[in-house]
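Subject: Structure for you to look through

Hello,

I am passing on a structure that I have been reading through, and I would be glad if you opened it beside this message.

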Amino acid sequence: MEFLILLVGLLFGTVLVAGLGERIRLPYPVLMLVFSALVAYLPFIPEIHINAEMILPLFLPPLLYAVAQRSSWAVFRLRWRSLVLLAVLLIAVTVAIVAGATWLLIPSMGLPAAIALGAIVAPPDPVAVEAVAAKVSMPRRLTTVLQTEGLFNDATAIVIFQTAVAAAASGQDVGWDVIPRFLLGAAGAVLLGLAMAWVVGTLNRFVPDLVARSAATLVAPFAVYILAEEIHCSGVVAVVVTALELGRRARPQDSAERLTRNSFWDVVEMLTTGVAFGLLGIEMRYVFEDEGAGIIAFIPGILVVCAAVLLVRFGWMMLMYKVGGTEKRNSVPGSLKEVLVVSWCGMRGLATLALALALPLEMDNGDPFPGRNFIITCACAVLLVTLVGPGLTLPTLMRHLKLPDDRAKAERAERAVAVRAEEVAMETVRQSAAAQKLSPERREKLARRMSSLHQILEHDFGDDPEKARIVKKTLAAMDQVQREALGAARREVLAMRREPGADPEAVDRVLRRLDLRTVTLDR
């Protein structure tokens, strides 16, 4: 019961802290970390330790799935070189340098525990990247690369982490078998993810209920992650592949389901992140209680680890830029300015947090896990440095660097998609109207409605800036009128719901249609 109360408190705290973070322009996960660490000292907060084995299966599947469903296979085919360089090689290099530096500073920790620390602080987080990049005018190509990197680097880090923790717990050394383990685990996870996507897609064809189909997307990430880990494959890769393949299998008729699912996953993403950071903040209470004033001795090691994480990423991005050759224009980073931005956007997040919480308290022989408190403190420091730093300085950095604006390119791509959609819609109107034997007047009315579809879809109205401004202003005014009218209609419907003798179900059906109409604002 105590844990349930704590969980509800963390969920409610996430909502409050997210609102506060939006007002003071700080990442809410960092505020949640600090907030929970302070709240943990209240006398009525019970001492609770979560089973370390439950951390990764609880937190990684939903957040990985939430981010992966916003990507596609096409992005991975286009960015596969960056994926290998950033999500595999950069992680391995970061782990090696952080582990080596830590082992030299604190030999008593042992090399396996030092490698575990390297794996914890190595992987940048796609959710953190989105949270920060969304507030600045970052070129879309950079954001895409950072998100792609964040989806698969967790797999590399987790395999290294699990191997290192097992070696540290048993008193053995980390062997080179980690490489074939990673490759075999990734290959098996791809097959498993494809199979899970097929199962969910098949179920969706037989399940008519929209809510049930949306619920399947919540069950699938946990199911495929646990199954992958049970057969010693990469649960991270399995979840990402499941999300990508389900996106490829999306059906045109599932509009209402997509609206419901997207809103649902936005909520899951925020609450899961908040709870995870809250739990780490509470864990810091126990670290401070165990170490007392001795935690000051951690400072040199923490500074070295933070510096190593930042410098290794910057050096790697410089190397990628130097060897880009003739492909610099299309590669990332393609300029020294992009080197600085992509280096500074290596925000750590849930993977670092979850791996830190997943450290066991004891080794196999019952002795305390070597350097556990130092590792957790380092993880918190890296989270603070990589999240707070970019969160506060990235907007200013982007303004001073003045990177080439690729919004025009993005608008052209959006226009091409919208025009193709309109062409298909117009052709379908002609064919379907003829088949339905509609009158010429009705056909003309439908054709006029579809003829402006591309403008509605792309929110762009030609190459004349002044004309575009006037048209957009007019449409904004039309939107406002529709919002007010639909708002009045909703207020009336809700008032009817409170009237004696009103049928709530009938009222709710009409209200849902009004809500969908408001969301789409079909002009």
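Predicted model: local features only at pLDDT ≥ 70, side-chain atom pairs only at ≥ 80, totals over all residues.

Residues are numbered from 1 along each chain as its sequence is written, and side-chain values use heavy atoms, with hydrogens and water left out.

Helix α16 covers residues 372–401, which makes 30 residues; helices here are DSSP runs of H or I with at least four residues, strands are runs of E with at least two, and both are numbered from the N terminus. From its first C-alpha to its last α16 reaches 40 Å, close to the 44 Å expected at 1.5 Å a residue, where the expected span is 1.5 Å times one less than the number of residues. At T393, shortly before the proline P395, α16 has a kink of about 50°, the bend being the angle between axes fitted to the seven residues ending there and the seven starting there. Of the 30 residues in α16, 21 are buried, that is, under 20% relative accessible area with a 1.4 Å probe and protein chains only, whereas exposed means over 50% and partly exposed lies in between. After α16 comes K402, whose phi is positive, near 50°.

An unreviewed UniProt entry places the feature "transmembrane region" at several stretches, including 294–319, 339–361 and 373–394, although such annotations may be inferred rather than shown by experiment. Over residues 294–319 the chain is 81% helix and 0% strand, and over residues 339–361 it is 61% helix and 0% strand.

The structure also holds three aromatic pairs, meaning rings of Phe, Tyr and Trp (its six-membered ring) with centres within 6.5 Å, counted as stacked when the planes are under 30 degrees apart, edge-to-face when over 60 and tilted for the rest. The rings of Y65 and W265 have centres 4.9 Å apart and planes at 40°, so this pair is tilted. Because Y65 lies in helix α3 and W265 in helix α12, the pair ties together parts that are 200 residues apart in sequence. Y65 is buried at 2% relative accessible area, and W265 is buried at 1%.

Best wishes
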